[in-house]
Amino acid sequence: MSTTEQSSSAEAGKAGESQAVETSVQQPPEITPSELQTVSEPTYTIAIDEGETFQTDYTSSGSDYDSLYGSDSGSATTSLTESVKNYKYHNGRRYNAYGTQYFIPNDDVQQEQLDLFHHVFLLRLGGKLFLAPIESPQKIMDVGTGTGIWAIQVAEDFPEAAVMGNDVSPIQPNWVPPNVSFEVDDFNEPWLQTPGSYDFIHSRDCHAAVSDWSDFVRNAFHILKPGGWYESQEHTVEITADDGSVPEDNILKDWVRDLSDAFERIGKTCHAHPHIDKWMEEAGFTNIKKQYFKLPIGTWPKDPVEKEIGAFNLVNMLDATEGFTNAVYTRVLGRDNEVVAQTIKDIRKNLKNKSFHMYFRFCVTYGQKPE
Ligand SMILES: C[S@@+](CC[C@H](N)C(=O)[O-])C[C@H]1O[C@@H](n2cnc3c(N)ncnc32)[C@H](O)[C@@H]1O
């Protein structure tokens, strides 16, 4: 059983020297009018219980998801009920219908941030959606898919593959390639997918949402085919500056400490990345490889590629601050709304401080289920 942990050269040097991979920029593909004919509205499946699923098509004409067909695998057919869209609101932001389980909003602001973060990750990985050595996958799953942007792009890259993304929030777009479907599902509940059926499972930035990471990784192993791959992509929750330019008592350092503490309080962790390879090995994965990449915040790097990533990442962080902080600070840490509003302003101001040569990291870990 081999476990490889590989840090990019960025670990030892400035972000501008950090490339372990190619850095060509992949822009989100534009959809041409002819391609528009090949996309379709997504199929949603609501996982209810072992062996019982409900499939629906989303229709934009109604206020609900209308039921159009059932599957031939014995699934019942029903409407996607309003309950999954029974969103909660707090301090002007919208949260998933599961309420207290997940403290990051799912509204338009957060969705734009997720798509921007996706762009940052792609820039960092030289345009690659994943690093695992996947060849001709037939079934791909994106766990905690968010806006579905990764699932949609991987479906475009592998038109022969069936791609499924699941999430507690049905926030994926209406028009997607025909080989993509979405499920409304809670990944902290038992996974209902057929054991041994997937070639590739991907999860990105699920860290503060997973209740039991060992279980999560075991579930991925269970539903993979022999020879299939799981890849975890998680950004770190830290503010690091190799030259000490961010003082220890700066509000940004307090911020990441507070977020970590708050998630620990509710039984989640922002720090899955140090252990993910161990959990994968325990689950039975082999050929495990782990890599860290720097994600600069701001335009401080001299290297033009790093500067571009830093610029996008700064906008991403400014967009994310409120959503990452508001509910966590007020509802988990019990802080006063007005104080929190001011704290968010101060965090944003400090993120823009050009003398802070700061970054956090992106951890990519993949492993294979033995043949
Ligand atoms: C930070 S977002 C990442 C989204 C996507 N993977 C990406 O990288 O763009 C985390 C996602 O996990 C979803 N999530 C949180 N708790 C979940 C749960 N228990 N089951 C399924 N999805 C969940 C959230 O709704 C959110 O869309």
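**Notebook: strand S7 and its surroundings**

I began with the pairing of strand S7 and found that five bridges join S7 to strand S8 (residues 162-167), the two running parallel; strands count as paired here if DSSP finds at least two bridges between them. Helices (H or I, at least four residues) and strands (E, at least two) are DSSP runs, numbered from the N terminus. I note that this is a predicted model, in which local features need pLDDT of at least 70 and side-chain atom pairs count only at pLDDT 80 or more, while totals for chains, interfaces and linings use all residues. Residues are numbered from 1 along each chain as its sequence is written.

Is S7 buried or exposed? Four of the five residues of S7 (residues 139-143) are buried, so the strand is largely enclosed by the rest of the structure. A residue is buried if 20 or more other C-beta atoms, placed from the backbone, lie within 10 Å of its own, exposed if 12 or fewer, and partly exposed in between.

Next I checked the largest nonpolar core, which has 81 residues, with Val154, Ile201, Ala220 and Tyr230 making the most contacts inside it. Such a core is a set of buried Ala, Val, Leu, Ile, Met, Phe, Trp, Tyr and Cys residues joined through C-beta atoms within 7 Å. Leaving out residues up to four places away in sequence, I found that Val154 touches Leu129, Ile140 and Val163, where contact means C-beta atoms, placed from the backbone, within 7 Å.

For helix H4 (residues 213-223), I listed Phe216, Val217, Asn219, Ala220, Phe221 and Ile223 as buried, and the buried residues of H4 pack against S10, strand S11 (224-235) and helix H6 (276-283).

Last, I turned to the ligand, which 22 residues surround, the closest being Gly144, Gly146, Arg204, Asp205 and Ala209; a residue counts as near if its C-beta atom, placed from the backbone, lies within 6 Å. Helix H2 (108-124), H3 and S8 are the elements that give two or more residues to this shell.

Conventions
Contact = placed C-beta atoms within 7 Å.
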